[in-house]
Amino acid sequence: MSRFLKGFWNYTNLSNNTTLKIVSVVFSIMFWFYVMGDINPELTTAIENVDVELLNIEELAQSGLVMIGQKDYAVNVEIRGRRNDVYMVASEDVKISADVMGFKAGINSVPLDISVPSSVDLVDFTPKQIKIELDRVVQKQKPVEIIRTNTHLEGFMTEPPKAEIEEVLVAGPESFVNNVDRVIGEIDVGGLTEPVSQNVPLRAVDSEGSEVAGVSVGQAYTKVYLPVYRFESFPIVADIIGQVDENHKVVSVSVIPESIQIQGDTEAIELEESIMTEPIDITGLAESFEADVPVIIPDSLSASYMSGLVKVNVEIEPLRTKEIIISSDAIMIENLETGMETNLPELDMDIIVRIRDLESVIEDLNTSRIKISVD
């Protein structure tokens with residue numbers, strides 16, 4: 001043993017400064033462990049973001065008030081105690097509450113009630129109170145609007161949707177409810193070829209169409225009926241009855257507009273080729289005229305994009321008789337057998353042709369435009 005100590009002395013050379021420093025460090029560590037383990041000093045520490053519990057929320061609703069805006073609050077807490085005790089405290093061990101009962105509509109400062117474990121002391125906490133905003137709970141009737149989305153199939157159209165209800169009750173904080181302009185639902189018309197009836201969800205929106213959060217709609221859905229029709233363009237035909245004066249003739253009949261868009265179910269549409277006007281009697285007439293006449297729409301069809309009357313123009317012109325004298329030399333022989341002759345070249349006579357028609361037709365008529373032949 002003495003030999004070992006002597007060797008250790010010679011090896012470390014305790015009279016050396018380095019060796020003394022090492023010994024000092026060892027003694028310092030031993031002393032720190034002694035103080036921490038046996039003396040357990042006091043210290044102060046902070047616990048951040050401790051949640052605040054709001055009390056009497058349900059009672060608040062019973063009094064006709066509701067919280068709006070911020071609803072989650074956190075507090076920073078400072079505690080002091082023995083080291084071992086302080087390190088054992090977690091944020092869940094610190095209880096902070098705010099009683100919201102008894103306050104009025106508006107922004108209120110609510111004091112905080114805080115408790116910490118008995119093993120430590122409360123030094124400070126921040127903030128000391130929280131700001132809560134309360135609003136009165138109200139209910140108001142708001143109009144219901146059903147909006148069509150997407151594009152119709154070609155050849156089909158829809159009429160405005162018909163909702164089961166026209167108004168619905170909206171409830172919530174007064175400031176939120178006042179911001180509600182209407183309650184809307186959306187129905188998809190893309191691909192529809194026949195009427196539909198379906199439940200449509202409702203939501204409250206402001207005047208710009210943005211959804212208003214924090215309110216409830218008294219009826220989440222409404223039944224909506226959406227009429228869907230096939231439509232097609234049909235010509236309008238004037239129904240002319242009777243005969244004009246014997247010395248006159250109908251030159252033309254025109255209708256303005258010339259066509260009409262008709263809607264209805266497919267089967268009814270396919271039965272029609274044109275749409276007639278009510279009868280126009282021209283018996284004994286001798287002059288052109290213009291008349292406003294209703295069209296006759298079959299009961300199974302409708303023309304929602306047209307109302308009123310159509311304009312019918314009837315052109316009537318007088319008849320004239322014209323005599324044209326044609327020489328017998330102008331008579332043409334047809335199908336004469338070979339070897340045979342006629343005496344037509346020896347005839348010396350005129351042929352009188354009387355033509356009766358519109359003056360505009362016979363005005364320029366002459367012999368060059370008339371052919372006389374004998375078969």
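## The largest pocket

In this predicted model, the largest pocket has a volume of about 200 Å³. Its lining consists of 14 residues, and those closest to the pocket centre are V50, D51, V94, K95 and I96. Strand 1, strand 5 (95–99) and strand 7 (113–115) are the elements that each contribute two or more residues to this lining.

## Overall composition of the chain

The chain contains seven helices and 28 strands. It has 375 residues, of which 29% count as buried. Among contacts between residues at least 6 apart in sequence, 74% join residues that are at least 24 apart.

The pairing can be followed at the level of single residues. Strand 1 and strand 4 run antiparallel and are joined by eight bridges. D51, one of the residues closest to the pocket centre, has A74 as its bridge partner in strand 4. Strand 4 (residues 74–82) also pairs with strand 8 in the antiparallel sense, here over five bridges. V77 stands opposite F125 of strand 8. In a regular strand, side chains alternate between the two faces of the sheet.

## The sheet of strands 11, 17 and 14

A second open sheet of three strands has the order 11-17-14, and its pairing is antiparallel. Its edges are strand 11 (162–163) and strand 14 (196–201), each with a single partner strand, so one side of each is left without a neighbour in the sheet. Strands 11 and 17 run antiparallel and are joined by two bridges. Within this sheet, A163 stands opposite V224 of strand 17.

T222 is found in strand 17 (residues 221–226). With a relative accessible area of 1%, T222 is buried, because the limit for that class is under 20%. Leaving aside neighbours within four places in sequence, T222 is in contact with I146, A163, E164, I165, Q198, N199, V200 and L202.

V168 is found in strand 12 (residues 167–173). V168 is likewise buried, its relative accessible area being 4%.

Not counting residues up to four places away in sequence, V168 touches K140, Q141, K142, V144, V183, V217, G218 and Q219. Between V168 and Q141 the C-alpha to C-alpha distance is 5.4 Å, although 27 residues separate them in sequence.

## Cis peptide bonds

The peptide bond from T126 to P127 is cis, with omega near 0°.

P257 is placed in the loop between strand 20 (248–256) and strand 21 (259–264).

Which loop holds N56? This residue is found between strand 2 (53–55) and helix 3 (57–62). The phi of N56 is near 65°, a positive value in a residue other than glycine. N56 is partly exposed, with a relative accessible area of 28%.

N335 also has a positive phi in a residue other than glycine, near 60°. N335 lies in the loop between strand 26 (332–333) and strand 27 (350–358). With a relative accessible area of 64%, N335 is exposed.

Conventions: Residues numbered from 1 in each chain as written. Predicted model: local features only at pLDDT ≥ 70, side-chain atom pairs only at ≥ 80, totals over all residues. Heavy atoms only, no water. Pairing = 2+ DSSP bridges. Helix = DSSP H or I, 4+ residues; strand = E, 2+ residues; numbered from the N terminus. 1 Å grid on protein atoms, 1.4 Å probe; cavity = no way out; pocket = protein on both sides within 12 Å on 5 of 7 lines; lining within 4 Å. Points joined across faces, edges and corners; volume = space filled by probe spheres on them. Buried < 20%, exposed > 50% of the residue type's maximum accessible area, 1.4 Å probe, protein only. Contact = heavy atoms within 4.5 Å.
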